[in-house]
Amino acid sequence: MSNATSRYLVHVAIVLKGSRDPEGETIHRSLVITNGYNSVNRVISGKYLGFLVESRSEMEAIKYIEELCMKARIYNPTVHKLLVLGVEGA
């Protein structure tokens, strides 16, 4: 097995758990509906982060970043959830 590494850009979002999202509700009501986009049922707000990481595979890069976010307390797992949006070679 090769130990060669590549660079990956892991895209994650941190969003609120639960049904209340005051920022998303405000965007939905004040910007989306007001501008006539009535087919949009909900807006979910969150924080985007991109991590450029050296890793042997995409899956290893994702697991590494998930662990980092949890252990470094980049988000609060009690009130937030971490969504991995994707990974790409960088």
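Which side chain meets Arg20 in a salt bridge? In this predicted model, where local features need pLDDT of at least 70 and side-chain atom pairs count only at pLDDT 80 or more, totals for chains, interfaces and linings use all residues. Residues are numbered from 1 along each chain as its sequence is written, and side-chain values use heavy atoms, with hydrogens and water left out.

The partner of Arg20 is Glu25, with 2.8 Å from N to O. A salt bridge here is a side-chain nitrogen of Lys or Arg within 4 Å of a carboxyl oxygen of Asp or Glu. Arg20 counts as exposed, at 53% relative accessibility, whereas Glu25 is partly exposed at 31%. For these terms, buried means under 20% relative accessible area, exposed over 50%, and partly exposed in between (1.4 Å probe, protein chains only).

The structure holds four salt bridges, and another of them joins Glu54 to Arg7 at 3.9 Å, N to O. This pair links distant parts of the chain, 47 residues apart: Glu54 lies in strand E2 (residues 46–55) and Arg7 in strand E1 (residues 6–16). Helices (H or I, at least four residues) and strands (E, at least two) are DSSP runs, numbered from the N terminus. Glu54 is partly exposed, at 49% relative accessibility, and Arg7 is partly exposed as well, at 41%.

Turning to helix H2 (residues 58–71), Lys71 and Glu67 are separated by about one helical turn because they are four residues apart in this helix. Their closest N and O atoms are 3.4 Å apart in a salt bridge. Lys71 is exposed, with a relative accessible area of 66%, while Glu67 counts as partly exposed at 43%.
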